[in-house]
Amino acid sequence: MRETLVLNASFEPLATVSLRRAVVLVMQDKAVVEHAHPGLRVRAASVDVPVPQVIRLSRYVRVPFRRRAPWSRRGVLVRDQHRCAYCGRRATTVDHIVPRSHGGGDTWLNTVASCAEDNHRKADRTPEQAGMQLLRRPFEPTPADALLSTLGVSVRDGLPEWLALPA
């Protein structure tokens, strides 16, 4: 199912929601479509709405300041673009650099995306002990980076024209 970016009334990114939830928010006049998928529409007997890619809430929602993006397995795979940190192939699992049995935790800086073969080969060891080398070091994304990466948008690649701030 498609993900839709939800912006606050002040254009701050808040979350991603399912297509169904996005259409409901638009139909209830709680949000407006800022950017739609070209040529795609949701149609029913009395409804004809463009398929939203980005919606903006009509009223401002106060959100407590979030300093850090919450860690998740899905977040690690998205951060690493589903590429294995050891060989570069498609990653399907998350590997702990310092294994949990050795005191390593579920943190952004201790986990990387990994293919099943490399995860199994590394087993319960550090990369140095297993004779393996990381192709890139893990990093902790900002909450905004984590949110944008779930949509497949990378700040490093430049924002798409529909998300860039007007001049």
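This is a predicted model: local features need pLDDT of at least 70, side-chain atom pairs count only at pLDDT 80 or more; totals for chains, interfaces and linings use all residues.
Residues are numbered from 1 along each chain as its sequence is written, and side-chain values use heavy atoms, with hydrogens and water left out.

The chain contains five helices and six strands, where helices (H or I, at least four residues) and strands (E, at least two) are DSSP runs numbered from the N terminus. Followed along the sequence, these elements give the pattern β-β-α-β-β-α-β-β-α-α-α. Of the 167 residues in the chain, 38% are buried, a word that stands for under 20% relative accessible area, with exposed meaning over 50% and partly exposed in between (1.4 Å probe, protein chains only). The chain exposes about 10,600 Å², of which carbon and sulfur atoms supply 52%; such areas come from the Shrake-Rupley method with a 1.4 Å probe, and for residues only the protein chains shown count as cover. Among contacts (heavy atoms within 4.5 Å) with a separation of 6 or more, 57% are between residues 24 or more positions apart.

In soluble globular proteins, nonpolar side chains tend to be buried together. A nonpolar core is here a set of buried Ala, Val, Leu, Ile, Met, Phe, Trp, Tyr and Cys residues joined through side-chain atoms within 4.5 Å, and the largest one has ten residues, namely Val6, Val17, Ala22, Leu25, Val26, Ala31, Val47, Val49, Ile55 and Leu57. The elements that contribute two or more residues to this core are α1 (19–27) and β4 (48–57). Apart from this core lies another, of nine residues, which include Cys84, Tyr86, Val112 and Leu134. Returning to Ile55, and leaving aside residues up to four places away in sequence, its contacts include Val6, Ala22, Leu25, Val26 and Ala31.

The helix α1 has Leu19, Ala22, Val23, Leu25 and Val26 as buried residues. Seen down the axis of α1, the buried residues fall within an arc of 160 degrees, so they line one face of the helix; the arc is that of the directions from the helix axis to the C-beta atoms. These buried residues pack against β1 (3–7), β2 (13–18), β3 (31–43) and β4. Just after α1, Asp29 takes a positive phi of about 60 degrees.

Turning to β1, four of its five residues are buried, so this strand is largely enclosed by the rest of the structure. With β4, by contrast, β1 pairs in the parallel sense over three bridges. Leu7 has Pro13 as its bridge partner in β2 and stands opposite Arg56 in β4.

The structure holds zero disulfides, a disulfide being a pair of cysteine sulfur atoms within 2.5 Å. The sulfur of Cys84 has its closest cysteine sulfur in Cys87, at 3.7 Å, which is too far for a bond. Cys84 is buried, with a relative accessible area of 0%, whereas Cys87 is partly exposed, with a relative accessible area of 34%.

Key:
Two strands pair if DSSP finds at least two bridges between them.
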